[in-house]
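Here's a quick briefing to read alongside the structure. Have the viewer open and follow the topics in turn.

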Amino acid sequence: MTDLVAEAAALDAADPLAHKRNSFDLDQEIAYFDGNSLGAPPKQVAERVASVVREEWGGRLIRSWSEGWWEAPARVGERIAPLVGAAPGQVVVADSTSVNLFKALVAATRLKPGRDEILVDADTFPTDGYIADEVAGLTGRTVRRVVAEDMPGEVSERTAVALLNHVDYVTGRAHDLPALTEALHRAGALALWDLCHSVGALPVELDAAGVDLAVGCTYKFLNGGPGAPAFLYVATKWLDRFEQPLAGWAGDRDPFAMRGAYEAHAGIERGRSGTPDILSLLALDAALDVWDGVDRALLREKGLALGEFFFRCADELLDGARILTPRGNDRGHQISVVDDDAAKTMAALIERGVIGDFRPPNVLRFGLAPLYTTYGEVLRAVTTLQELRSRNNEFHSGIDGK
Ligand SMILES: *Cc1c(COP(=O)(O)O)cnc(C)c1O
C-alpha cells in the first residue's frame, strides 16, 4: 500500500499533462470519475457564457446572428474535426446525438436503396438501438442486432449500414474501428460510428479509416457542458448525396432567402435542421480551448496509464473483484468494476467524495479523463472501494456467523 502511494506520487510528478488540471473548475476535495458522462467545466466557460449573454445577446441583440452566431455550428465543427481525424468541411455541431443518429441512419438507407437491413451493435447504448428501430420502421428496413466483433461475418449484400459504438459504454471496451469499417465496406455496407465515449479520449481517425458517417456527444470527454450540442460527420465522398430527413431551413443552401422549396446546402451545413442553441454551442466553443496544444498521443498514453494504475491498485487491494474492462489497449478511458450492490456502493463512494456512476445491473464505472484525473485520485478511488467492500464483508460474515 505504501508502495502504491509512492508510485501514485511519482506518476503524478512525472505527468506531462498534470498542468492541464488547472484549466478546470474542480473542487479539490472531490475525486471526479464521471468525465465520461459529464465532463468538468474548463475555467474559461463561465466567463465566456457571461460575455455572450451580456455583450453578444444583450449588447448586439439580433445583430449577433450575422456577427458569427449563424455560422457557429460549422465553425465549432471545424474545431472538433482534428479530434476525430477529419479534414475540413465534414463536421457540423447541431442537435443531440440521438437526433443526429436519426439523420445519419435515414440518409444511409437513402444512399443504399437496394439494401433492406440495418445492423446495430448488440451492446449499443440504448438510444442508438431505439432510433435504429424507428428508422427501420419508417424506411421499411429490418434491424438485426449483432455483436460488434461478429459484424464481419454477419454483414452481407443486404446490409445498408451498420451502426457501431466505438467504445462500449458499459465495459469500456474499444472496438477496432479501422478493421470493422473495412469489413463492412468489403460487403458494400456503410459504417456509421457513434463516438460518444471515444472523442476526447482515444485517437479517432475517421478519414484514414474511410468511415462514412459518425456522430458523437460533446458533453462527455469534450467537456462542453450539460446538454451541449452533438456533432455529425459526413465523409466528403457522400456529402453531395447526404439527404437527411430533418431538412429544416438551417440546412438550406440560402436560409435567409426564405424560399418555398428546400434545397440542401452544398456543404456540411446540410446536416443542420433549425436554429442553433447558441448559449450551449458557445459554451462548447470556449470549452474546446483546453485542447489547444494538447498532444493526442500523450493524451492516449496517459489514459491507458491511468487505467493500468487502476488495475494495479485493484489487483493489490480489491481481492477477487471482477473488472469488465479489457487490460490490453483495446479499451477507452473508463474502468468498469462489477459490484452486486452497485447502486448502493456508488452512493457510498460519492458520499466519500469519489464521484463515478453505475449502470444496471451491477457495474461501477470510473471515467479517467487524462486532462484532469490524477494517479493519486485513482488510488483514492480504489482504497475507498476497498474500505466499503471490507466493511460489507464483515457485515455479511457477521450475519453468516449468527
Ligand atoms: C451518451 C451517449 C449517447 C447520448 O445521446 P444523447 O442524444 O446526447 O442523449 C448516445 N450514444 C452513446 C454511445 C452514448 O454514450
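Trp-249 has a relative accessible area of 35%, so it counts as partly exposed. Keep in mind that this is a predicted model.

**Aromatic pairs**

- You'll find eleven aromatic pairs in the structure. One of them joins Trp-249 and Phe-256 edge-to-face, with 5.4 Å centre to centre and 75° between the planes.
- Phe-256 is partly exposed too, because its relative accessibility is 49%, which falls between the 20% cut-off for buried and the 50% cut-off for exposed.
- Trp-249 and Phe-256 belong to a cluster linked by ring pairs, together with Trp-65, Trp-69 and Trp-70.

**Charges over rings**

- Trp-70, one of the cluster members, has Arg-272 lying over its face, 4.5 Å from the ring centre.
- Over at Phe-125, the charged end of Lys-220 sits over the ring, at 5.2 Å from its centre.

**Leu-368**

- Look for Leu-368 in the loop that runs between strand 12 (363–367) and helix 13 (375–401).
- Leaving aside residues up to four places away in sequence, Leu-368 touches Phe-33, Phe-221, Gly-303, Leu-306, Gly-307, His-333, Gln-334, Ile-335, Thr-373 and Val-378.
- From Leu-368 to Val-120, the C-alpha to C-alpha distance is 27 Å, and 248 residues separate them in sequence.

Technical notes:
Residues are numbered from 1 along each chain as its sequence is written. This is a predicted model: local features need pLDDT of at least 70, side-chain atom pairs count only at pLDDT 80 or more; totals for chains, interfaces and linings use all residues. Side-chain values use heavy atoms; hydrogens and water are left out. Helices (H or I, at least four residues) and strands (E, at least two) are DSSP runs, numbered from the N terminus. Contact means heavy atoms within 4.5 Å. Rings of Phe, Tyr and Trp (its six-membered ring) pair if their centres lie within 6.5 Å; planes under 30 degrees apart count as stacked, over 60 as edge-to-face and the rest as tilted. Buried means under 20% relative accessible area, exposed over 50%, partly exposed in between (1.4 Å probe, protein chains only). A charge sits over a ring if NZ of Lys or CZ of Arg is within 6 Å of the ring centre and within 35 degrees of the ring normal.
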